[in-house]
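Let's explore a protein model together, one question at a time. Have the sequence and the 3D view ready, and try each question yourself before reading on.

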Amino acid sequence: MTIKTEQMVLNMGPQHPSTHGVLRLELEIEGELVKKVTPHLGYLHRCFEKHAEAMQYNQVVPYTDRLDYLAAIGNNFGYALAVEKLLGIEVPERVEYIRVIMAELQRIASHLVAIGSNGADIGALTPFLYLFRDREYILNIIEETCGARMLYNYIWIGGLSHDIHPDFIRKTKEFCNYFKPTIVELDNLLSYNKIFIERTANIGVLPVDTAINFGASGPTLRGSGIKFDLRKDDPYSIYDRFNFEIPTGKGLMGTIGDCWDRYYVRIREMEQSLKIIEQAIDNIPNGDVQSAIPKRIKPPKGTVYKRIENPRGELGYFIISDGTVNPFRVKVRAPSFVNLEVLGELCKGYLVADVIAILGSIDIVLGEVDR
Amino acid sequence: MKSAEEIFEILKIEFSDSILELDKDTPTESIISVDPLQIHQISKFLRENPGLQFDSLMCLSGVDDANGNKIKNADGDDVFENGTMSVYYNLHSIPLKHKITLKVTTPRTNPKIESVESIWKCANWHEREAFDLLGIYFLNHPDLRRILMPYDWDEFTTEVSRYPLRKDYKNPEFYQGMKVPY
Amino acid sequence: MREYFRNTWLGIYTVLVGMKITFKHLFTPAVTIQYPEVKLKLPERERNRLYVNMDDCIGCDQCSRACPVNCIEIETVKSIPGEDLGVTSNGKKKALWVTKFNIDFAKCCYCQLCVFPCPTECIYMTDVFEFSEYNRNDLIYKFATLTEEEAKEKRINFEKFTAEKEAQKTAAAAKLKEDQKTAS
Amino acid sequence: MYEYFYELTGNTILSTLIVAIFPLLNVLIVALIGVYLERKVSARIQDRIGPNRTGPFGLFQTIADFVKMLQKEDATAKDIDSKLYNIAPVLVFTGSFAVYAAIPFSSKLIGSEVEVGLFYVIAISSLVVGGILMAGWASNNKYSLLGAMRSAAQIISYEIPTAIIVLSIVMITGTLSLDKISNMQTAYFWNWNILGGAEFGLTKFLLIPFMIVGFIIIFISTLAEVNRTPFDIPEAESELVAGYFTEYCGMKWAMFMLSEYGNMFAVSAIVSILFFGGYHSPIGYLGNSLGIEWLIPFEQAFWFLAKGWTFILIQIWLRWTLPRLRVDQLMSLCWKYLIPYAFVNLIVIGIILLL
């Protein structure tokens with residue numbers, strides 16, 4: 001006797017506890033086995049690119065905050081670098097150092113959310129709250145300097161909106177010391193937990209060539225075992241002065257490029273970020289952070305594509321200037337947008353529960369996917 | 001590692017007519033203009049040539065060049081006539097670490113460009129986005145649907161309000177019975 | 001077989017390790033605060049609700065132009081000679097009546113871009129963050145100190161003044177013409 | 001208990017109802033305090049404070065929640081199968097409540113002294129599966145359906161290791177009556193089954209490691225039977241929104257919650273009866289030493305509740321520590337790990353008993 005089976009279409013989202021926002025996944029499932037995943041985007045589309053065309057160059061900066069709202073400093077940073085490249089201006093040393101420290105602090109904060117929500121997707125809610133507690137330290141440090149907790153508008157074209165707060169250096173050092181033991185605790189509580197390993201190892205394996213072909217970047221690419229980090233491979237700002245390693249997925253618990261590797265790369269990356277912060281924090285030179293800010297930002301005609309390593313991957317700004325005060329075209333190559341595309345490839349043949357784990361390990365921010 | 005000029009020379013030898021020009025005037029990077037209906041061939045060559053190995057497409061951006069004449073159409077909206085649309089391809093080679101920017105230009109009315117989806121999978125969504133926001137048709141694309149805008153956007157909108165990122169875009173008055181500029 | 005027992009052992013051991021950690025946390029003090037009763041001390045650079053010190057505002061419209069979301073709406077009326085508008089705290093002489101200075105906090109994105117260009121430093125961000133309203137229109141804050149009537153009066157004054165000036169001008173022109181005529 | 005009231009009233013139905021009040025009260029209290037503890041303990045574990053607004057230390061939070069739930073509109077979707085949909089929560093609650101009929105709270109407070117108490121408990125608790133399947137099917141929601149299917153598979157699978165471990169206890173004690181099993185472990189804690197039972201000798205010491213293994217297995221499988229983390233996949237919040245009760249709200253939802261907490265206490269009670277001496281005190285009775293006979297049943301009830309609550313606390317503690325297993329891993333844990341271990345355990349215990 002043959003049992004008649006049917007494929008079922010399961011709509012996951014846009015309102016669902018673990019689609020990280022308003023993502024809709026159309027799952028074609030047989031029982032619990034996923035046959036096909038079709039992501040549907042656009043629920044958070046806020047017309048960033050169209051808006052940017054109507055703004056002056058410096059007015060776009062607050063809008064970039066809202067792309068990847070968990071790593072707003074990185075967004076500011078990339079945009080500022082792109083316009084600075086168009087304008088051809090050099091920023092003071094002090095600005096470079098502060099930018100790097102801020103970007104690395106932000107990277108830790110962003111990875112904390114990524115790791116935490118990956119755990120929460122799998123059912124471990126407690127580490128999620130511990131990580132949010134630690135993230136609060138970073139947000140407080142940044143808030144003290146620029147006055148905002150999430151949408152900073154801190155890195156301006158040619159400089160910074162504020163100089164660092166007098167307490168900044170002390171508090172950042174305190175944070176570095178505080179944070180190291182919590183990584184160990186996190187490892188014991190979540191990373192090496194047998195259930196967590198079972199849920200993530202050998203799940204959603206992304207081979208290197210597929211990853212590159214799909215344009216994956218950031219921890220998603222490095223989890224597949226390739227050493228590619230724009231901070232080293234295409235150094236921007238002053239990253240070439242610091243000594244740090246690029247953690248890659250090694251397949252410690254399963255296959256190279258599985259969810260656990262992507263997760264673990266983020267943890268090790270936080271350690272490297274701490275290393276960069278520790279190298280930079282004592283060497284901040286004196287200077288005026290606003291001295292290089294141009295009075296009137298009117299770049300010459302031309303195009304520029306500048307990319308930086310955001311916590312989620314390669315964030316690129318493609319800007320066309322037509323010689324006026326408004327950008328002619330701003331295209332954002334958002335890392336989450338590109339990384340999300342690989343989801344359809346990764347989820348085939350896994351279970352519904354794995355879709356959640358894989359989505360969590362890719363770590364998307366819908367603000368950036370939909371722009 | 002090769003500079004844009006060297007790559008241009010290599011391409012010029014391989015695809016003599018399809019490679020249009022090398023634009024070196026831009027302050028930051030040189031742009032190679034190519035034929036929109038040959039981009040697939042050229043991309044394939046760029047990716048598979050052992051001396052080039054452009055294995056990663058960093059960014060694909062559609063641009064409305066907003067050139068041509070501005071005229072009024074029947075409804076009294078400003079539209080561009082005889083203009084062009086462009087698509088920029090920012091390529092990068094992970095093993096060889098060189099970068100290049102390609103540009104294709106196509107007429108504004110009925111813009112058609114060959115898809116590079118079969119070469120770089122990540123072009124899929126980028127091309128869908130360019131189609132969605134600018135109305136550039138990518139030939140041989142497997143799944144050319146809207147991506148960011150609603151799927152039924154066409155049904156409720158007129159010619160000028162179909163593709164939001166075009167420079168002559170006008171907000172439609174109603175979408176599904178809802179007033180758009182609230 | 002070894003793998004089997006290893007899995008069993010790891011399963012039990014790592015669970016116990018996790019339980020040890022969470023047990024320790026049972027007795028650590030809470031890191032949260034009881035919000036309405038206890039409030040965090042906000043840093044001095046806190047960027048929350050905008051405030052405009054109208055005594056210093058000269059109505060230059062720079063903040064409005066800097067705003068990326070157009071949430072600041074300013075209307076001004078030129079003063080007529082003889083009216084004293086006072087001086088700002090840094091000694092600038094005011095020349096415009098600010099008849100309307102509205103900030104729509106439903107639109108404001110708290111980016112602080114309006115604060116930097118202000119020549120008299122009269123617009124700044126405060127640490128007030130609790131200002132929710134039931135009605136969206138209540139979020140439009142009106143900072144202008146002039147009442148409606150006063151604003152109307154100033155406008156009429158200015159119109160009168162310009163009309164007078166215009167009349168004078170035409171009169172002068174007419175006179176000039178007449179003079180020329182008589183001269184010729 | 002039942003016999004006592006039957007003699008008092010002479011009416012079977014009335015006496016049944018009276019007897020049923022005690023476990024019902026217990027279930028309600030367990031749910032009230034259980035939800036409160038769940039929130040408070042999870043908060044403490046996560047460095048938070050937890051509910052603290054309603055009443056002192058937020059003690060009335062669950063009552064407030066309950067009142068809210070009572071007032072809620074009974075919103076239902078259009079295409080549900082309304083008969084099944086309405087019966088399901090009742091059936092689930094009945095299943096978990098009926099277990100209490102055979103559980104001895106103390107030597108005097110037993111619903112019914114059935115000789116085959118253990119058998120009855122295992123059988124009647126399977127009723128829950130029917131209710132869950134009904135809820136999932138009748139809701140006409142794909143998430144509910146998936147949750148229900150998972151739940152049915154899970155609960156039925158995990159009954160096997162439970163039954164095997166129960167079997168080993170039956171082998172040692174030689175009875176199926178829960179009351180008798182408790183009574184065999186009377187007096188002091190070294191008489192508990194986890195420490196090899198009441199009879200001294202080589203057998204007792206040989207049994208200890210295997211009883212501990214047995215306890216761990218039955219604890220894990222009861223966790224799975226009541227759908228607690230790490231086995232809460234039927235209601236896995238991050239995957240299936242709320243599993244089989246996604247479409248329920250108000251009182252019907254509260255019934256599911258009530259039965260969940262009722263179940264939690266029931267399985268804790270069973271485990272404590274099988275391994276930890278049931279209602280018997282680990283350190284002797286105050287009533288005996290003082291010579292006050294009537295105090296003993298109250299002391300027994302206290303010890304019983306204390307043991308039950310200890311296990312509930314451990315369940316809560318585990319829930320807020322561990323991630324959740326996947327549905328196939330849950331099955332492989334049961335079939336590949338728990339059942340073989342339980343079988344080996346059973347055989348070894350049998351050999352030891354033969355000695």
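Q: How far apart are the nearest C-alpha atoms of chain B and chain D?
A: Keep in mind that this is a predicted model. Contact here needs heavy atoms within 4.5 Å. Chain B and chain D do not touch, and the distance between their nearest C-alpha atoms is 25 Å.

Q: What separation do the closest C-alpha atoms of chain B and chain C have?
A: Here is another pair to look at in the viewer. No contact joins chain B and chain C. Their closest C-alpha atoms are separated by 14 Å.

Q: Of the four pairs of chains in contact, which chains share the most contacts?
A: On one side of this pair, 44 residues of chain B take part, and they meet 40 residues of chain A. Together these two chains bury about 3,500 Å², with 60% of that on carbon and sulfur atoms. Of the four pairs in contact, the most contacts are shared by chains A and B.

Q: How many salt bridges are counted between chain B and chain A?
A: Side chains of opposite charge can pair when their charged atoms come close. Between these chains, the side chains of B:Glu129 and A:Arg371 meet in a salt bridge, at 2.8 Å from N to O. The count between chain B and chain A is five.

Q: Which residues of chain C lose the most area to chain A?
A: Start with the contact itself: 26 residues of chain C meet 32 residues of chain A. The two chains bury about 2,300 Å² between them, 56% of it on carbon and sulfur atoms, and the count of salt bridges between them is zero. On the chain C side, three residues together account for 28% of what that side buries: C:His25, C:Arg45 and C:Arg47.

Q: Are helix H9 and helix H11 of chain D roughly parallel or roughly antiparallel?
A: Two packed helices are described by the angle between their axes and the distance between the axes. In chain D, H9 (residues 202–225) and H11 (residues 250–275) pack at about 170°, with axes 10 Å apart. Angles over 145 degrees count as roughly antiparallel, so H9(D) and H11(D) are roughly antiparallel.

Q: How many nonpolar residues are in the contact of H9(D) with H11(D)?
A: From H9(D), the contact uses D:Met211, D:Gly214, D:Phe215, D:Ile218 and D:Thr222. From H11(D) come D:Val267, D:Val271, D:Leu274 and D:Phe275. By class, there are no charged residues and two polar ones, and the number of nonpolar residues is seven.

Q: Is D:Glu38 buried or exposed?
A: D:Glu38 forms a salt bridge with D:Arg319, with the closest N and O atoms 3.8 Å apart. The pair links distant parts of the chain, from helix H2 to helix H13 of chain D, 281 residues apart. D:Arg319 is partly exposed at 25% relative accessible area. The cut-off for buried is under 20%, so with 5%, D:Glu38 counts as buried.

Q: How many residues apart are A:Arg307 and A:Asp234?
A: The side chains of A:Arg307 and A:Asp234 meet in a salt bridge of 3.3 Å, N to O, and both residues are buried. A:Arg307 sits in strand S6 of chain A, while A:Asp234 is in the loop between H10 and H11 of chain A.

Q: What is the relative accessible area of A:Asp229?
A: A:Asp229 is in the loop between helix H9 and helix H10 of chain A. Its contacts include A:Arg222 and A:Glu309, and A:Asp229 belongs to a network of salt bridges that has these two residues among its members. A:Asp229 is buried, with a relative accessible area of 0%.

Q: What is the phi of A:Ser237?
A: Most residues other than glycine have a negative phi, and most peptide bonds are trans. A:Ser237 lies in the loop between H10 and H11 of chain A and is partly exposed at 22%. Although A:Ser237 is not a glycine, its phi is positive, at about 50°.

Key: Residues are numbered from 1 along each chain as its sequence is written. Chains are lettered from A and ligands numbered from 1 in the order in which they are written. This is a predicted model: local features need pLDDT of at least 70, side-chain atom pairs count only at pLDDT 80 or more; totals for chains, interfaces and linings use all residues. Side-chain values use heavy atoms; hydrogens and water are left out. Axes are lines fitted to C-alpha atoms, for helices over the stretch in contact, and angles run from 0 to 180 degrees between N-to-C directions. Helices (H or I, at least four residues) and strands (E, at least two) are DSSP runs, numbered from the N terminus. Angles under 35 degrees count as roughly parallel, over 145 as roughly antiparallel, 65 to 115 as roughly perpendicular and the rest as oblique. Ala, Val, Leu, Ile, Met, Phe, Trp, Tyr, Cys and Pro count as nonpolar, Asp, Glu, Lys and Arg as charged, and the others, Gly among them, as polar. Buried area is the accessible area (1.4 Å probe) that two parts lose on being put together, summed over both. A salt bridge is a side-chain nitrogen of Lys or Arg within 4 Å of a carboxyl oxygen of Asp or Glu. Buried means under 20% relative accessible area, exposed over 50%, partly exposed in between (1.4 Å probe, protein chains only). Lists of a residue's contacts leave out its neighbours within four places in sequence.
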